[in-house]
Amino acid sequence: LFILALLFACTIFSCKKSDNNSAALQLLQHKWMIISLNGEALRYTGMQGDYFDFATDNKLYRYFNNMHDTSVYNLYSNGQTLSLYQITNGVKSNTPDNYHVGSLNDSQLIISFSSGSIFAIDSLKR
C-alpha cells in the first residue's frame, strides 16, 4: 500500500513543467527583417534584404549595411534573455553579449542590450 501511495504521489507531483523556453525558441528560430538597429553609435533603418536569421543550429546569421556576420546564440530565462557569442576567425567568444527580450511573438522581436552607459535596442519583424 505504501509503494502504491508513493507511486501515486510521484505521478501527481512529477516535474512536468511548461517549457516556456522551448516555446520561445520556436518563435525565435526564423528569418527576421530589420526594422531598426539603435545603439550609442549606430542608428540604422533596415533595408530590403537585411535580416537576422536565428537558425536551428543555434547560429545567428545577420546581414545588414552590406555586411555578413555570424554569432552563436542561446535563449535563457523562459525566453527573456538572449545571449550572443561573437565568432572571430572561426572561434566563438567565451563572453556573451546578453540581450533582454522585450517582445517576441509571431510577427515582432524587440531585444535590448545595456552595459553601463551603452544601450542598444533592435527591432525586427517577420
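Me: Let's jump in at a strand. How do E1 and E10 pair, and over how many bridges?
Reply: Strand E1, residues 31-38, pairs with E10 in the antiparallel sense. Five bridges connect the two. This is a predicted model, so read every detail that way.

Me: Which residue in E10 is the bridge partner of Asn38?
Reply: Ile121 is the E10 partner of Asn38.

Me: Let me step back. How many helices and strands does the protein chain have?
Reply: Two helices and 10 strands. Along the sequence, the pattern is α-α-β-β-β-β-β-β-β-β-β-β.

Me: What is the mean pLDDT of the chain?
Reply: The mean pLDDT is 86. Of the residues, 85% reach 70 or more.

Me: Which elements have the lowest and highest mean pLDDT?
Reply: Helix H1, residues 2-12, is lowest among the elements, with a mean of 52. Strand E3, residues 51-54, is highest, at 97.

Me: And what about residues 12-18?
Reply: The pLDDT there is below 50. Beyond near neighbours in sequence, the stretch makes zero contacts in the model.

Me: Back to E10. What joins it to E9, and how do the two run?
Reply: Eight bridges join E9 to E10, residues 118-125, and the strands run antiparallel. In their hairpin, two residues sit between the strands. Gly116 has a positive phi there, near 65 degrees.

Me: Which residue in E10 does Ile111 stand opposite?
Reply: Asp122. Ile111 is also the bridge partner, in E9, of Val101.

Me: How many bridges join E8 to E9?
Reply: Four. E8 covers residues 97-104 and E9 covers residues 108-115, and they run antiparallel. A hairpin of three residues links E8 to E9.

Me: Where does Ser112 lie, and is Ser112 buried or exposed?
Reply: Ser112 lies in strand E9. Its relative accessibility is 16%, so Ser112 counts as buried.

Me: What is Ser112 in contact with, leaving aside neighbours within four places in sequence?
Reply: Asn98, Tyr99 and His100, along with Phe119, Ala120 and Ile121.

Me: Switching to Pro96. Where does Pro96 lie?
Reply: Pro96 is in the loop between strand E7, residues 91-92, and E8. At 23% relative accessibility, Pro96 is partly exposed.

Me: What is Pro96 in contact with, leaving aside neighbours within four places in sequence?
Reply: Ser83, Leu84 and Tyr85. Gln86 is 10 residues from Pro96 along the chain, and their C-alpha atoms are 7.3 Å apart.

Me: How many salt bridges does a search of the whole structure find?
Reply: One. Asp69 and Arg62 form the salt bridge, and their closest N and O atoms are 2.8 Å apart.

Me: Now the inside. How many residues does the largest nonpolar core have?
Reply: The core has 21 residues. Those with the most contacts inside the core are Leu28, Phe52, Phe54, Tyr73, Leu82, Leu109 and Leu124. In soluble globular proteins, nonpolar side chains tend to be buried together.

Me: Take Tyr73. What is Tyr73 in contact with, leaving aside neighbours within four places in sequence?
Reply: Among its contacts are the core residues Leu28, Phe54 and Leu82. Others include Leu25, Gln29, Asn58, Lys59 and Leu84.

Me: What share of the residues is buried?
Reply: Buried residues make up 30% of the 126 in the protein chain.

Me: And how much accessible surface does the protein chain have?
Reply: About 8400 Å². Carbon and sulfur atoms account for 55% of the surface.

Me: Last one. Of the contacts with a separation of 6 or more, what share is between residues 24 or more positions apart?
Reply: That share is 32%.

Key: Residues numbered from 1 in each chain as written. Predicted model: local features only at pLDDT ≥ 70, side-chain atom pairs only at ≥ 80, totals over all residues. Heavy atoms only, no water. Buried < 20%, exposed > 50% of the residue type's maximum accessible area, 1.4 Å probe, protein only. Contact = heavy atoms within 4.5 Å. Areas by Shrake-Rupley, 256 points an atom, 1.4 Å probe, with all protein chains shown as cover. pLDDT = per-residue confidence, 0-100. Salt bridge = Lys/Arg side-chain N within 4 Å of Asp/Glu carboxyl O. Core = buried A, V, L, I, M, F, W, Y, C linked by side-chain atoms within 4.5 Å. Pairing = 2+ DSSP bridges.
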